[in-house]
Amino acid sequence: QVQLVESGGGLVQAGGSLRLSCAASGSIFSIKRMGWYCQAPGKQRELVATISSGGSTNYADSVKGRFTISRDSAKNTVYLQMNSLKSEDTAVYYCNARSLEQLQWYDYWGQGTQVAVSS
């Protein structure tokens, strides 16, 4: 099993920046990909960015050029640097870990951290 603990959300003005952190523990050797998803009120959870165990990254079109996902393998931590924030980025952000355990894929989620961008 994998446990995820997020931090770094908050309230920021439009155009500002925030950095989210997600620390993983447990069966971290089984994690193949980590990422961030967001869920705004009344909307479905959607992908923001992912980073694979090999370092490949993927971004939603809406955040390309503004957000950067990175990782510190020594700390088992993934970061989401969010720049040029817009009001539409307001959402709860969830950290995700996808792991392969005994030939089965599992998705683990953090508790979520609120990001609010004021215009």
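This is a predicted model: local features need pLDDT of at least 70, side-chain atom pairs count only at pLDDT 80 or more; totals for chains, interfaces and linings use all residues.

Four strands form an open sheet in the order β1-β3-β8-β7. Their pairing is antiparallel. The edges are β1, residues 2–7, and β7, residues 67–72. Each edge strand pairs on one side only. On average, neighbouring strands of this sheet are turned by 20° against each other, direction ignored.

At one end of the order, β1 pairs with β3, which covers residues 18–26. The two run in the antiparallel sense and share six bridges. Within this pairing, Val 5 stands opposite Ala 23 in β3. In general, strands of a sheet pair through backbone hydrogen bonds, either parallel or antiparallel.

**Tyr 93**

Tyr 93 sits in strand β9, residues 91–101. Is this residue buried or exposed? Tyr 93 counts as buried because its relative accessibility is 1%, under the 20% cut-off.

Its contacts, leaving out residues up to four places away in sequence, include Glu 6, Leu 20, Phe 67 and Trp 36. Tyr 37, Cys 38, Val 48, Leu 80 and Met 82 are also among them. Further along the chain, Tyr 93 touches Gly 112, Thr 113 and Val 115.

| Pair | Distance |
|---|---|
| Tyr 93 C-alpha to Gly 110 C-alpha | 9.0 Å |
| Tyr 93 side-chain polar atom to Asp 89 backbone oxygen | 2.7 Å |

Tyr 93 and Gly 110 are 17 residues apart along the chain.

How values were computed:
Residues are numbered from 1 along each chain as its sequence is written. Side-chain values use heavy atoms; hydrogens and water are left out. Two strands pair if DSSP finds at least two bridges between them. Axes are lines fitted to C-alpha atoms, for helices over the stretch in contact, and angles run from 0 to 180 degrees between N-to-C directions. Buried means under 20% relative accessible area, exposed over 50%, partly exposed in between (1.4 Å probe, protein chains only). Contact means heavy atoms within 4.5 Å. A polar contact is a pair of N or O atoms within 3.5 Å; within protein, one must be able to donate a hydrogen and the other to accept it, and residues adjacent in sequence count only if both atoms are side-chain atoms.
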